[in-house]
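Please consider the structure shown below.

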Amino acid sequence: MGTIDSRFRILAAAMLGAAPILASAASPAELRAQFEAAAREAEPAYAGLSASRGEQFFRSRHGSEWSCASCHTDNPLSAGRHAKTAKDIAPLAPAANPKRFTDAARVEKWLRRNCNDVLGRACTPREKGDVLAYLMSLK
Amino acid sequence: MNDTVKRLPFDLTVWTVSIVAGLALLAHEAMAGHDFSSARNARWQAECGACHVAYPPQLLPAPAWHRVMARLDRHFGTDASLDPGAAAEIGAFLERHAARTSRDTASGRITDTGWFVREHDEVPAATWRSAAVKSPANCAACHRRAEQGDFGERSLRLPR
């Protein structure tokens, strides 16, 4: 009993620990390169990511109630606050928060939700890449 | 004669056991009102605690949780959609520990239930509107240990 139980626990712990890493470990630079490659594929005439376009995008309301900055602030090096629930949000810029953009599945999940809230649609690869270029430019 | 000598310790034991049991029951009943920390699930805590405190499963009945989980993509004015695997695990957890009493609410809001309104009828209207609270759903503005499932009086601080 004891050994089966503890073996199962070790196995479960190993699976829990390893699965997310195998599935989606990444670095901000890798994710930026992936967005850039996808953007190039979608728009052959595309001239590369732009941090300043990303900043504009980040601060614009796009005709809705919220911009990205509504929850992540105009200065993503500092902590944000959820515009509706007031819950604290850790800084979004990788320089201020090394956990950011290190889990591809997590990044995609939040971009899916947040782009839908702000733009009423998914973000394009170029928009994602520009935002990440902007966030990575902050030091 | 021998009998009474034997009965005294027996009576004492019965008394002690019932007093201890009674106290335990009382403590349990008191805890039941404000300590929801016994029901924990890592995925629920991470996913449902990202935008607000992870509301304890004990505060809504299973049908209400089912409705909340069925429309996460349109969740109180925001997109909280989850992948199907996470949604199934969290849904099962919520329904397993759901309220057994009739705390149902069509809106899926805990703060719309008669129970919530009764428990909070002494909170002044100005406090609900204050910048620190903003919304009655912001439990942690007053219940400082809401994140841990503790809604007891000792961790309660009303913001001014």
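Strands are DSSP runs of E with at least two residues, numbered from the N terminus. The model discussed here is predicted. In chain A, the loop that links strand 1 (80-81) to strand 2 (88-89) contains A:His82. Because its relative accessibility is 10%, A:His82 counts as buried, the cut-off being under 20% relative accessible area. The side chain of A:His82 comes to 3.1 Å from the backbone nitrogen of A:Thr85. With residues up to four places away in sequence left out, A:His82 touches A:Cys71, A:Lys87 and A:Ile89, and also B:Cys51 and B:Lys134 of chain B.

The cysteines may be taken next. Over all chains, the structure holds one disulfide. A:Cys115 and A:Cys123 are joined by a disulfide with an S to S distance of 2.0 Å. The torsion about the S-S bond of A:Cys115 and A:Cys123 is about -95°, and the disulfide is therefore left-handed. A:Cys115 counts as buried at 4% relative accessibility, and A:Cys123 is buried as well, with a relative accessible area of 9%.

B:Cys48 is buried, with a relative accessible area of 18%. For B:Cys142, the closest cysteine sulfur is in B:Cys139, at 8.9 Å, again too far for a bond. B:Cys142 is buried, its relative accessible area being 10%.

Notes. Residues are numbered from 1 along each chain as its sequence is written. Chains are lettered from A and ligands numbered from 1 in the order in which they are written. This is a predicted model: local features need pLDDT of at least 70, side-chain atom pairs count only at pLDDT 80 or more; totals for chains, interfaces and linings use all residues. Side-chain values use heavy atoms; hydrogens and water are left out. Helices (H or I, at least four residues) and strands (E, at least two) are DSSP runs, numbered from the N terminus. Buried means under 20% relative accessible area, exposed over 50%, partly exposed in between (1.4 Å probe, protein chains only). A polar contact is a pair of N or O atoms within 3.5 Å; within protein, one must be able to donate a hydrogen and the other to accept it, and residues adjacent in sequence count only if both atoms are side-chain atoms. Contact means heavy atoms within 4.5 Å. A disulfide is a pair of cysteine sulfur atoms within 2.5 Å.
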